[in-house]
Amino acid sequence: MKPKHRMSNLSWVGLLTLATLALVFLMSCSAGDKPSQDSESRTAAKPLVVAMELQFPPFEMTDEQGTPRGISVEMAKALGEFLGRPVEIQNTAWVGLIPSLQSGGADVVISSMTVTEERRQVVDFSIPYAQSGLTLLLSAQSPAQNFSDLNKPGRVVAVKSGTTGAIVAQEKLLQADIRIFEDVAACVLEVVQGKADAFIYDALTVYESHKNNPATTRLNIQSIPDTFGYWAAALKKGNDTLLAQVNDFIREYRSQGGFERLGDEYLGSVKAVFEEQDVPFFFDIQE
């Protein structure tokens, strides 16, 4: 009688390996039926990309180490905490802010942006969180005293590209020479050197620019007629869920005194000047 054949050790190892692979395959297929909890957590913690131009202290700026700082940065971080998402500050040139939303490169813009009908055509705005009117930094050499004085042949007005100041100047100062620059410093320099009669911008920048150049500039922070407007966060059109969340954040942050704290921390010395000249302060908004 022939002895029964016995399976070799190698065959046993092969079967065991096949069984293990089959078990792993079944487990992976089962796990793939729905996202794991870790996957859901990672999705919930996706960074909130906030675009701003870090050239407008004390709202948007950097410190000596290049770290983003300022009122808008603090606001963005608070928004991230409200949403439970880490925040990534994306330093973007002013003219690239709205395109960054449209391309999906940024989730929200918080950059002292004034709400205009033209901008409403391409982005959605949150409820306002601040307010400001356009004002004038005047050259000490210029005879101009106010906005209407600028609408004359021979007057030179400096404006920053893409801003409401540039829009207003081009629409209303038809007799003046409007010169467009890419940054605030260049506009201020034109006035300081007497090459421009005025620079049109917000009250804070005009105030700070005059304070830094008291001998060569004059200040008019009374708002130019019909230019008083609101600042709001901008989002890509149709992003209704995030828009509602940003609105909820602004309401809660205001009710808890967040904007008042930022004003005291960053704008304490300016607030008194605004009150003295009866100019509404940035955060004095009643919804």
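Predicted model: local features only at pLDDT ≥ 70, side-chain atom pairs only at ≥ 80, totals over all residues.
Q: At what angle do helix 8 and helix 10 pack?
A: Two packed helices are described by the angle between their axes and the distance between those axes. Here helix 8 and helix 10 pack at about 100 degrees, and their axes are 11 Å apart. The axes are lines fitted to C-alpha atoms, for helices over the stretch in contact, with angles from 0 to 180 degrees between N-to-C directions. Angles under 35 degrees count as roughly parallel, over 145 as roughly antiparallel, 65 to 115 as roughly perpendicular and the rest as oblique; helix 8 and helix 10 are therefore roughly perpendicular to each other. The contact (heavy atoms within 4.5 Å) is made by A203, L204, Y207 and E208 of helix 8 with L267, S269, V270, V273 and F274 of helix 10.

Q: How many helices and strands does the chain have?
A: Helices (H or I, at least four residues) and strands (E, at least two) are DSSP runs numbered from the N terminus. The chain has 10 helices and 14 strands. Of its 287 residues, 45% count as buried, where buried means under 20% relative accessible area, exposed over 50% and partly exposed in between (1.4 Å probe, protein chains only). Among contacts between residues at least 6 apart in sequence, 70% join residues at least 24 apart.

Q: In what order do the five strands of the open sheet stand?
A: Strands of a sheet pair through backbone hydrogen bonds, either parallel or antiparallel. Two strands are taken to pair if DSSP finds at least two bridges between them. In this structure the order is 10-9-11-8-12, with mixed pairing. Strand 10 (177–181) and strand 12 are at the edges with a single partner strand each, so one side of each lacks a neighbour in the sheet. Direction ignored, neighbouring strands of this sheet are turned by 30 degrees against each other on average.

Q: Are the residues of strand 8 buried or exposed?
A: Six of the six residues of strand 8 (residues 134–139) are buried. L134, L136 and L138 point one way, while T135, L137 and S139 point the other way.

Q: Which helices lie across strand 8?
A: Helix 6 (residues 164–172) lies across strands 8, 9, 10 and 11, at about 145 degrees to strand 9. Helix 8 lies across strands 8, 11 and 12, at about 130 degrees to strand 11.

Q: Which residues have the most contacts inside the largest nonpolar core?
A: A nonpolar core is a set of buried Ala, Val, Leu, Ile, Met, Phe, Trp, Tyr and Cys residues joined through side-chain atoms within 4.5 Å. The largest has 56 residues, and F59, I110, L267, F282 and F283 have the most contacts inside it. Elements giving two or more residues to this core include strand 1 (48–52), helix 3 (71–83), helix 8 (203–212) and helix 10 (258–276). Apart from this core lies another, of 16 residues, among them A144, L150, V168 and I200. Beyond its neighbours within four places in sequence, F59 is in contact with residues including S112, L204, W231, L267, F282 and F283.

Q: Which residues other than glycine have a positive phi?
A: S112 is one of them, with phi near 55 degrees; S112 lies in the loop between strand 5 (108–109) and helix 5 (117–120). At 8% relative accessibility, S112 counts as buried. D226 is another case, with phi near 65 degrees, in the loop between strand 12 and strand 13 (229–231). D226 counts as exposed, at 75% relative accessibility.

Q: Where is P58, and is its peptide bond from P57 cis or trans?
A: P58 lies in the loop between strand 1 and strand 2 (61–62). The peptide bond from P57 to P58 is cis, with omega near 0 degrees.

Note on methods:
Residues numbered from 1 in each chain as written. Heavy atoms only, no water.
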